[in-house]
Amino acid sequence: MTFSVIFHCMDLFRFPSSSRRSTQSETDHHHHQLGFLIPRISRKYRSLSFDSGLRLIVSDNQSFESPKRLVMSSSVPNSDRKIVTGPAGYILEDVPHFSDDFPDHPTYPNPLQDNAAYSVVKQYFVDEDDTVPQKIVVHPDSPRGTHFRRAGPRQRVYFESDDVLACIVTCGGLCPGLNTVIREIVCGLSYMYGVKRILGIDGGYRGFYARNTIHLDLKTVNDIHRSGGTILGTSRGGHNTTKIVDSIQDRGINQVYIIGGDGSQKGAAAIFEEIRKRKLKVAVAGIPKTIDNDIPIIDRSFGFDTAVEEAQRAINAAHVEATSFENGIGLVKLMGRYSGFIAMHATLASRDVDCCLIPESPFFLEGSGGLFEFIDKRLKESGHMVIVIAEGAGQDLLSESMKESTTLKDASGNKLLQDIGLWISQRIKDHFAKKMTLTLKYIDPTYMIRAVPSNASDNVCCTLLAQSAVHGVMAGYNGFTVGLVNGRHTYIPFNRITEKQNKVVITDRMWARLLSSTNQPSFMKQADKIHSNQLVGEPGTMKW
């Protein structure tokens, strides 16, 4: 249950501008005004808005004079979402804040205001009004739509440096950039906020209650970004919310940084809710990690660029093998359980790929318009062929062929997939065995790609994600995931990150660009094409 505030154009009631230093009395006065008005009214009324005369309108027709503009909203206690609405369809999906549960919690000047590194930066502190739109392509009559709070340092912080005991944990599978994120959280806490006590949780979620912690300092993390994997170790599963929060409480930890994919972020949300239930002054922040780039809302996840770059090596090797033999085929299997972003981007980047198969785009093998027909055509035209297939593609064909489907799952709850690469390699060989001499080389670089250090682009991405998470926690924000949205770092509620998986939209221009680049057919049967023509994509996507 939440209440909303309607934004108006008057810019009277705002936190002190970041263009000048605020005094303690000014900031306390603003905090007092917000703290006095919002909680008292929100306990009684579900909906708030302002009329054109800036009178605060409540649901039972009472009104309160409001000579100033509100820039923040509060949730009713224990609400799941914080929503602020405004004119022209403006919606801010806000994240929890310490002041929601602890309105009298003291604040302190941000140490960055005395940091020599930032003394020359103009307007370094983020304005409290700054939000980032989820959708950047709009029409003149479009509503302003959903926004998220912009990440970055605030003028006031909710933790004194000497009181902070932070911990970092990595969960799930490996991904390029894990060590870089660990390093930059430690460096951000140490260099920017003077935090000295930082722990690493050994071995994923179960490490909170089953393993020893690792002391992290600037010396420990100095060069870990040069190595793949994670110095903290990782694991799937092992999430016992009660035991984890017991450990956090017993150790006196008050900042928790969780690096992991959608399953790990769901775990982070559960930890946050339990911490809130116990009324602990502990902040929880997530840094989204998935090599498949399948987390929604955000532009991309760290490690993705590295994965696409490393995939080029495998594709190049497949191309060399294919062109060296008569009717040569190079088949490369890449990551992508449910989302084909790595396969799609690696194909577009390579320009040597003749066919890309992903989970989102169904295909079939035999008959007119099938994969076998296309392979035969391409071999006759070029004498060789390179195929890229995502690990989750064609699972329905494989299960149907083997007359079974697996319901087994790994410790993270992911369905165990069968090896589509080996299966389809054999099917291709069997089909063409009596027609032509064919040489097929199958390459699976999955674990090589996961284990490499992150490249330059991902290192920058990891640094900014880590610093944004640190700034948010120190500023009192809680229960959020940090992510890049339309080129700006934002704080996103956990529920938005975990509500669905990001997938390639095959009615979008990006997939059309791939089809144009490879000149491959869509492989959709006539019934599927009719259904696809009836699909209406999201705004900004192309309808076939």
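Here are a few friendly questions and answers about a predicted model.

Q: In what order do the four strands of the open sheet run?
A: The pairing in this sheet is parallel. Strand 16 (355–357) and strand 18 (439–443) each pair on one side only, so they are the edge strands. The twist from one strand to the next averages 15°. Reading across the open sheet, the order is 16-17-15-18.

Q: Which residue in strand 17 is the bridge partner of Gly328?
A: Start with strand 15, which covers residues 328–334, and strand 17, which covers residues 384–390. These two strands pair in the parallel sense over seven bridges. In strand 17, the partner of Gly328 is His384.

Q: What is the relative accessible area of Arg450, and where does Arg450 lie?
A: Beyond its neighbours within four places in sequence, Arg450 is in contact with residues including Cys175, Arg236 and Ile291. Arg450 is buried, with a relative accessible area of 19%. As for its place in the chain, Arg450 lies in helix 12 (residues 446–450).

Q: Which UniProt annotation covers both Met335 and Arg450?
A: The unreviewed UniProt entry lists Met335 and Arg450 together with others, among them Ile291, Asp292, Glu391 and Ile449.

How values were computed: Residues are numbered from 1 along each chain as its sequence is written. This is a predicted model: local features need pLDDT of at least 70, side-chain atom pairs count only at pLDDT 80 or more; totals for chains, interfaces and linings use all residues. Side-chain values use heavy atoms; hydrogens and water are left out. Axes are lines fitted to C-alpha atoms, for helices over the stretch in contact, and angles run from 0 to 180 degrees between N-to-C directions. UniProt positions are given in the numbering used here, feature names are shortened, and annotations may be inferred rather than shown by experiment. Buried means under 20% relative accessible area, exposed over 50%, partly exposed in between (1.4 Å probe, protein chains only). Contact means heavy atoms within 4.5 Å.
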